[in-house]
Amino acid sequence: MRKFNPKGDQSKKNYYKDRFFIPEETPKSSANESDFKDDLDALEGVQILNSYVEFNTLVLYVEPAQNLAALRALKGAGYEILCELSGVDFTEARGGIEVFYQLLDIKRARRARLKCFVPNESFLQSAAGIYKSANWAERELYDMMGVWIEAHPNLARLIMPDDWFGHPLLKSYPLQGDEFAKWYEVDKIFGVGARERIGEENRNSAFVDEKDTFNFARLYHEGARGEPRPQEKILQEYQEEGGVRFVKRAKRGIYKIITKRK
């Protein structure tokens, strides 16, 4: 077992920091005084922690132990399609994941969102027996965010390899992967002993190697595929020999700086 290294909430370390920026709260209205009142009546026996209408969508909060009862009631009320199932990481602030179910009623053109807060190291009952689309969605929820799903037909990772360490959509997960991710493919394919010879995996998707003649262009030093990089600059003018219709032939030394709009 690897030693646990707490990383906190990495999402707080962003590039955009405006201490005066306060996002506006979206408008919410009472569900009891809306067209969704009959849907609330169908949830009799389910303890609703909070309910409101936001962007013409019914939003409901329930305890995680009552997620199946609420889903059955909503499906009986007409919400026969589970469009999406995922979660939001509140581990740093509240110690758990807020799971939501996005539901659709085609006949009445209505949408509902059921939410429940799942504390860390707690189980959530599987909804695969109610909505078939919940099967793989719950696997992704477990794979990406680490939410444990009880009574799931096959709770295995969906995107990451079975022996992957950690859950990449948690805010505590580094953007370019942790120490385990750097060496995963090298260890898997060549073995741990090849680390020094091969080096760690590049996790930066924006990295460009100017000497990579097969995957990246060498501006002003273009050459044939696989041949060495020319040392002298080649100031090419990228346009067809005959020019382009209605467009003047571009010349590198002829240009005009536009200072204002026409």
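A charge is taken to sit over a ring if NZ of Lys or CZ of Arg is within 6 Å of the ring centre and within 35 degrees of the ring normal. In this predicted model, Arg 94 meets that description, lying over the face of Phe 117 at 4.2 Å from the ring centre. A further case involves Arg 110, whose charged end sits over the ring of Phe 36, 5.4 Å from the centre of that ring.

In the pair formed by Tyr 52 and Tyr 61, the ring centres are 6.3 Å apart and the planes meet at 40°, so the pair is classed as tilted, an angle of under 30 degrees being required for stacked and one of over 60 for edge-to-face. Tyr 52 has a relative accessible area of 10% and is therefore buried, the limit for that class being under 20%.

A tilted arrangement is also found for Phe 180 and Tyr 184, which form an aromatic pair with 5.6 Å from centre to centre and 55° between the planes. Both Phe 180 and Tyr 184 belong to helix α5, which spans residues 179-189, and they are separated by four residues, or about one turn of the helix. With a relative accessibility of 21%, Phe 180 counts as partly exposed, whereas Tyr 184, at 13%, counts as buried. Phe 180 and Tyr 184 also take part in a cluster, in which ring pairs link them with Trp 164 and Phe 165.

Technical notes: Residues are numbered from 1 along each chain as its sequence is written. This is a predicted model: local features need pLDDT of at least 70, side-chain atom pairs count only at pLDDT 80 or more; totals for chains, interfaces and linings use all residues. Side-chain values use heavy atoms; hydrogens and water are left out. Rings of Phe, Tyr and Trp (its six-membered ring) pair if their centres lie within 6.5 Å; planes under 30 degrees apart count as stacked, over 60 as edge-to-face and the rest as tilted. Buried means under 20% relative accessible area, exposed over 50%, partly exposed in between (1.4 Å probe, protein chains only). Helices (H or I, at least four residues) and strands (E, at least two) are DSSP runs, numbered from the N terminus.
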